[in-house]
Amino acid sequence: MIVSRVALQQALMAKNNNLIAVSYNIIATNYNEFSEFDKAIFYYKKALSFANKTTNNVLKNRINNNLGNVYCFEKKLYKKGIEYYIKSLEYSKKEKDTALVYLINLNITWAYFDIDEFKLAQPYFDYIKEHHKERSNKSTIVVFNMLNGMYYSHIKDNAKAHSYFIEAIRRGITGAEKSDLLYSYIEYSKFLDKIGDHKSAYKYIIKHNEINEKIYNEEKLKKAERAGFNLELDEYKRQIGKIEIEKRLQDQSLKKSRIIVLLFILTSCIFLILIVTLYKNVIFKKKSNAKLLFANEELIKAKEQAEEASVLKTQFISTISHELRTPLYGVVGITNMLLEEHKELARSQHLSSLKFSARYLLSLVNDILQINKIEENKIVLESWTFNMSDEINMIKNSLSFLSQKNNNQITVIIDPDIPEYLIGDKLRFSQVLMNLVSNALKFTKNGEVYIIANLVEVIGKANFIEFQIKDTGMGIAVIDQDKIFEKFVQVGRNEEDYQGTGLGLTIVKRLLGLFGSTISLESNIGKGTVFTFTIVFEHDLEKTKSIINEIQVDLTCSQMFKVLVVEDNLINQIVTKKIIEKNNYSCTVVDDGYAALEILDIEDFDVVLMDINMPMMNGFETTRKIRLKGIKTPIVALTAFDKDEITDEAISAGINDIIIKPFESVKLFKIINCLIVETKNVG
């Protein structure tokens, strides 16, 4: 080992790639002999990297063959080892080394047989059979017969298999290399067990163990010798280390005197420089402090302006949120009314798309206005039971107008193995898909957009579904691919003006983060783009039934409850009243808080639905006055404001619960029923 390392050092100094490769190969062979196979592989690869820089095919052949041996027969990584064997075989053929060609074919055949790849082994097996007579020798004859036995056992020609195994064992007993006999015993035992001769199989297993124990004892002696050699080597290294330390100490003592003189001179110079620098720093600090005081005053003013702007921004967002949710409540409500009053329109794609789009727009508005909440992980995914195919086809139908605009076709491909009912946040999932598909349609003309869903893995009740949104559009330049998920960034505007806020893909990335997923893309200019992501949905029939039962509320109660609606918006009055009366409740509507106080003085109600943003007197003030009168009727805030904004004030005013418009009627009546029951129990 020491000699090979010295040789390596000399080869490196001479920059001779051939000698460097030879030295590394020798070092690797030594480690292989010491059974340190990982180190052997490391140095074999180092040797191969330098050998590949030369024209020495014999050396390349030898190193590749060594790597094949280590991977196949020591690490049991057959496929990797076979790759190196095949490279070695190529070099052997170039050099016309027929003996080595035969040996490598033998090794490849053995490796493939070990992993039951008999078809892949066939051409190599045919070669060794064809050239067996002129190329075989004492070191290969045992393996040749054993491989024939394995092959004929595989094709169930038991007579030939038996004959070849017996010949392999006979040759192995008389030969010097007992490891080949060891392999022959174990393969013959497998064959006997396979044909049902278990007693004989057991007998040859015992013979295998006897030979194995003998080889193992010999190996232990070799290891002991190696350990002794390693101890001597370590002692030699320690002695060399001591000599080097003593030499360094002597060198250091000789240099100390010079260093001390130099340090003294340098210290004196540094001291003088420090005095001058300190003087200049004092003057500079006085000037800097004056500037800092001025800059600090400017920063305080800027901070105050920023805080004021932040308050104004928050107020603006709150106002926009309210103003957008209010008309959306009317759109969703009137769409539901049309579907209920005109049953012939129940299957209308246009109305279904309108309803879906309104709900999607509501979700989009919420996410745009609350994108900071997404980043701070304040949004929690909900669990709904839904049909994957229905959701995707709803999105397809909703975007039909956009596909027709650019003369595109939407193709949906859904893996039939995906369960019919899944559990997850279908609204957030639809929002991700809607953003990606609409984005693909905008940037594709006279082409096709694919929505592909494949079930890639099932672990317990978790279904890993991979989605691909693929288009044949204009594509995204490589330089822009890292930018498109950033806020307010839009690419492709050089050619045409594409509408949008530039938040769609940002929201997609944030929402997929909530699902514990990431998104990747592949794109080529002029050829199209593919977005890929995987979401885990749960499939549990019992849980699905439980979720459905939870959202089912008895809306046909035999008792007539009286509901007072306090709402100033005429369209919202119509929608809310229609929802309540449809479910056999009595509904009275008033326009403002003063009218609510008057009617509550003369009439009793089971529940009050209170709008917050009303003229003259808002919902909070109205509720306070109702409570001051001693009226304990449950009050539910029916508002377009964000729930987090009003919760504290609602509780202090005496409001029992909050529902954000637009809302699911099922959720409304569930809350109403619970509040009425609680009030009657307390009473």
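Predicted model: local features only at pLDDT ≥ 70, side-chain atom pairs only at ≥ 80, totals over all residues.
Local features are reported at pLDDT of at least 70 and side-chain atom pairs at pLDDT 80 or more, whereas totals for chains, interfaces and linings use all residues. Residues are numbered from 1 along each chain as its sequence is written, and side-chain values use heavy atoms, with hydrogens and water left out.

A nonpolar core is a set of buried Ala, Val, Leu, Ile, Met, Phe, Trp, Tyr and Cys residues joined through side-chain atoms within 4.5 Å; buried denotes under 20% relative accessible area, exposed over 50% and partly exposed in between (1.4 Å probe, protein chains only). The largest such core has 44 residues, of which Ile108, Phe113, Ile128, Met146 and Leu147 touch the most other members. Elements giving two or more residues to this core include helices H4 (57-74), H6 (98-114) and H12 (198-341); helices are DSSP runs of H or I with at least four residues, numbered from the N terminus. Helix H6 gives the most, with ten residues. Beyond residues up to four places away in sequence, Ile108 touches Ile82, Tyr85, Ile86, Leu89 and Tyr124 (contact: heavy atoms within 4.5 Å). A second, separate core of 39 residues includes Ile392, Ile410, Leu455 and Leu505.

Helix H3 (residues 37-51) has 15 residues and reaches 20 Å from its first C-alpha to its last, close to the expected 21 Å, which is 1.5 Å times one less than the number of residues. Among its buried residues are Tyr43, Tyr44 and Phe50.

The structure holds zero disulfides, defined as pairs of cysteine sulfur atoms within 2.5 Å. Cys587 counts as buried because its relative accessibility is 10%, whereas Cys674, at 42%, counts as partly exposed.
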